[in-house]
Each structure stands twice: as structure tokens, then as C-alpha cells.
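Thanks for coming, everyone. Please bring up the model on your screens, and we'll go through it together.

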Amino acid sequence: MTAFKSDFLRILSERGFIHQCSDPEGLDALFRSETVSAYIGFDCTAPSLHVGSLVQIMMLHWMQQCGHRPIVLMGGGTTRVGDPSGKDAARQLLSAEQIEANKAGIRTIFTKFLSFEGGDNAAVMADNADWLLGLHYVDFLRDVGRHISVNQMIQRDSVKLRLQREQHLSFLEFNYMVLQAYDYVELNRRYGCALQMGGSDQWGNIISGIDLGRKIEDAALYALTTPLLTTASGAKMGKTADGAVWINAEQLSPYDYWQYWRNTEDADVGKFLKLFTTLPLDEIARLEALEGAELNDAKTVLATEATTMAHGREAAGQAAETARQTFVEGGTAATLPSVDVPRADLDAGLGVLTAYVTAGLCGSNGDVRRNIKGGAVRINDVPVNDDKRVLTASDLSADGVIKLSLGKKKHVLLRAS
């Protein structure tokens, strides 16, 4: 590994962000000599990003902290095509209205991690719809397409792996690499952008942009990617058995977000503290060295610091306190996730199967039954062994709630409305 001299690349290297770099020495010298503009692209396929995107977001955060200018590129244009990287099938095509709604949700995330106001290194939020949607097809083929080698394209992993698996690759998706390469050139023209960063699956697409920039603009451009991130048990970051771990509070509450990080596997604590918090490395080393029950203290710090980055210190503190009251004191914390049900439903009798599906703790009646048989279902901390159990107003606590629990770590308050 290169011994970097620039603050930004040194921090990335020490914290485990760097997988590949097109020219480590040249990029290091660039970061030492000027304020560098670099970008990462995010397609608008959902109303929020999930924690699988956090490595990229944290790189932009560190870049600004080191005095450089981060560019967030929203894929208002490329989302209409769909990135084939790492996929066996084409992404679902979204309407223009869906893309705009998703874009609005994703934008709010970056206001927590970046500053878009004041200073020479204020973050920039761009949208490739601004230049891609107005392109004239034949002109684009003539001016840009002639510089793109199909021979090279089919050797890029995003295309090569799909073809090797004999999975359908549409002409629409085949164009994605060309559009991403053009994005890099356009951002270089508009903002002097000299670096594109991304996950390791984007390496081929980024290199295509470097080649195109050299041919069209004679520009010196760079690529930097992060390693594919999995948990110690091999699970992909951002996904759990219950679905995606969304960053936006509208998709996942700060409490559940905090719990996700608190449940980190022992072997991942140090790695995640380096990647997803800004704690000093010596403090991380101290936390990582804890053993046994004390390692839970490190997980609590990880959960609180990671939640602070995404939701603010107050929300993180509330989540930590809710967890303490719920698990340490055995109480019913008012800030647990809650769901409202009509009072009439309780007066008539609300089946436990319906209650758990309504609360989002289980996906189906069969799922609830399986968890009851496994001893994982508790109402007001009392185990349930009858799937015909009915909740009534008599189950309401003095605070007007019924505590539904699934296992030791999932709790929802049922409120009568």
C-alpha cells in the first residue's frame, strides 16, 4: 500500500477505504497541490439510500473535511437506463415522477454528511438529467460514441459477468457505461472534476470515463474505488433478513437504525468504527481491543456515533436511552417505534397474528405462527404460546400502549387511536 502524504488519501488508507487507484502517486500529488473536486454518482432507484452506500458517503464527508470539494451526482438521467453492474436482470424501469420523488428523498441524506454552503470547498449537488436528457442521439453517437471501444466494453465486469452467466443484457443497459463515462467528462468541463470514486464494481465504468476524458478533452482524470464490503459472516452490507437498512428516517426509524449497528458482529466492530465514524484511530484501537461483555460498550459507541452521522446527536442519544430502558431496565420506553390501531379493533378483539403483521414485526400470519412456536413472541413481556391469542383494551398499559416483542431486540408499541 502506498504511503500517502496528502491528508485525504492517508485517512482513507488508514481507515480501510481504498481498494484500487488508477495512479496513486499522481493522485496523491494532486491532493497536495490544489483543491480537488471529486464525485460519486447515486442513481435514484429508491426514496432512500441504504447503509451499503455509506462507505461512499463517508468518503465524500472526509474529502470535505480535508479541504476538498465533493460532488454528489444524482442519476436523474442514468436511473432511466439502469446500471447492469452486479445484476443478473435488468432493473425495473421507473417513471419520471418516481425518479423525482426518489431524488428528493436521497438529497436529504447528504445534508447530514456534507455542507453545501460557504467556502471554496462547499459541496456540489449535480444531476446528470441536466445534460443527458437533452442529448441528440445521432450527434452523441458521432461526437462520443466513436471514442468508445466495444471490444473494451465487453471486457468490463458489468458486461462480461452478465454475458458469462448467459443472462439477458439489453441494448439499453449496454449504454449505461457510455453515459457514465460521459458524466465524468461533463463534470470535468463544468466543475474541473478530476476524480471519480465508487465501489469496486464500478472500476470498469470509471476507467471508461478516464479514457473518454483523455480522448475528448485531453484531461488527466483519476479513479479510486472501495472494497466490496461484507460482514464477518459474509452478509452484504445494507441488507438484513427484514429488508434494507435505509438511512432516511422515513424508511427506518433512528431507533431501528441504532439497533442495526448495535447488533454488529464482534469481528466487525473495529472495521466499522473506522469506516462509519469519525472517532480518532487511537480511540478506535482502544474500543476494538475490548473483550467479552465489554465489547458491547464498543458496539454501543459504534451505534451512537453512526446514528449521529445520519440522524443527529439528539436522535442517537434518544435511541441509546430507549435501548437502555428497554433492555437494561426492562421497561417500556416511550420512544420505541409505534403503530396506531383503531380503539374499536381492540374493543372487538385484535388477533395476535394481525397485530404482529400490522406492526411490521412479521411478514405474514404464517411467520407469526412460526415465531410463536419458536417462543419469540411476547406481549407486554409475557410469552405467547397460543396463535389465537386476542388483544383487547385490557392489555393496554397505564400509558395506553401494548408492547409487542419479537425475540430480544425487536419491539413495537401498539397504540389505540
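Some ground rules. This is a predicted model, so local features need pLDDT of at least 70, side-chain atom pairs count only at pLDDT 80 or more, and totals for chains, interfaces and linings use all residues. Residues are numbered from 1 along each chain as its sequence is written, and side-chain values use heavy atoms, with hydrogens and water left out.

Helices and strands are DSSP runs, numbered from the N terminus; a helix is H or I with at least four residues, a strand is E with at least two.

Start with helix H12, residues 254-262. Seven of its nine residues are buried, so H12 is largely enclosed by the rest of the structure. Buried here means under 20% relative accessible area; exposed is over 50%, and partly exposed is in between, with a 1.4 Å probe and protein chains only. Which residues of H12 are buried? They are Tyr255, Tyr257, Trp258, Gln259, Tyr260, Trp261 and Arg262.

Now its packing against helix H15, residues 295-311. The axes of H12 and H15 come within 8 Å and cross at roughly 140 degrees. That makes H12 oblique to H15. On method: axes are lines fitted to C-alpha atoms, for helices over the stretch in contact, and angles run from 0 to 180 degrees between N-to-C directions. Under 35 degrees counts as roughly parallel, over 145 as roughly antiparallel, 65 to 115 as roughly perpendicular, and the rest as oblique.

The H12 and H15 crossing is right-handed.

Who touches whom? From H12 come Pro254, Tyr257, Trp258, Trp261 and Arg262. The H15 residues they meet include Leu302, Ala303, Ala306 and Ala310. Contact means heavy atoms within 4.5 Å. By class, this contact has eight nonpolar, five polar and two charged residues. The classes: Ala, Val, Leu, Ile, Met, Phe, Trp, Tyr, Cys and Pro are nonpolar; Asp, Glu, Lys and Arg are charged; the others, Gly among them, are polar.

Next pair: helix H13, residues 269-276, and helix H14, residues 281-288. They pack at about 160 degrees, with axes 9 Å apart. That makes H13 roughly antiparallel to H14. The crossing of H13 and H14 is right-handed. H13 brings Gly270, Leu273 and Lys274; H14 brings Leu281, Ile284, Leu287 and Glu288.

Leu54, Ile57, Met58, Leu60 and His61 in H3 meet Ile109, Phe110 and Phe113 in H4. That contact has seven nonpolar residues, one polar and no charged.

Back to H13 for one side chain. Phenylalanine 272 is in that helix. Phenylalanine 272 is buried, at 2% relative accessible area. Beyond residues up to four places away in sequence, phenylalanine 272 touches Thr231, Met237, Trp261, Thr264, Thr277 and Leu302.

Now salt bridges. How many salt bridges does a search of the whole structure find? It finds 17. The criterion is a side-chain nitrogen of Lys or Arg within 4 Å of a carboxyl oxygen of Asp or Glu.

Take lysine 103 and aspartate 127, at 2.4 Å, N to O. The pair links distant parts of the chain: lysine 103 is in helix H4, aspartate 127 in strand E4, 24 residues apart. Buried or exposed, lysine 103 and aspartate 127? Both are buried.

Second, arginine 189 and glutamate 217, at 2.7 Å, N to O. Arginine 189 sits in helix H10 and glutamate 217 in helix H11, 28 residues apart. Arginine 189 is partly exposed at 41%, and glutamate 217 is partly exposed at 34%. Both belong to a salt-bridge network of Glu186, Arg189, Arg190 and Glu217.

Last, aspartate 211 and arginine 214, whose closest N and O atoms are 3.8 Å apart. Both lie in H11, three residues apart, about one turn of the helix. Aspartate 211 is buried at 17%, while arginine 214 is partly exposed at 46%.

That's my set. Over to you.

Definitions and conventions: Left-handed = near helix turned anticlockwise from the far one by under 90°.
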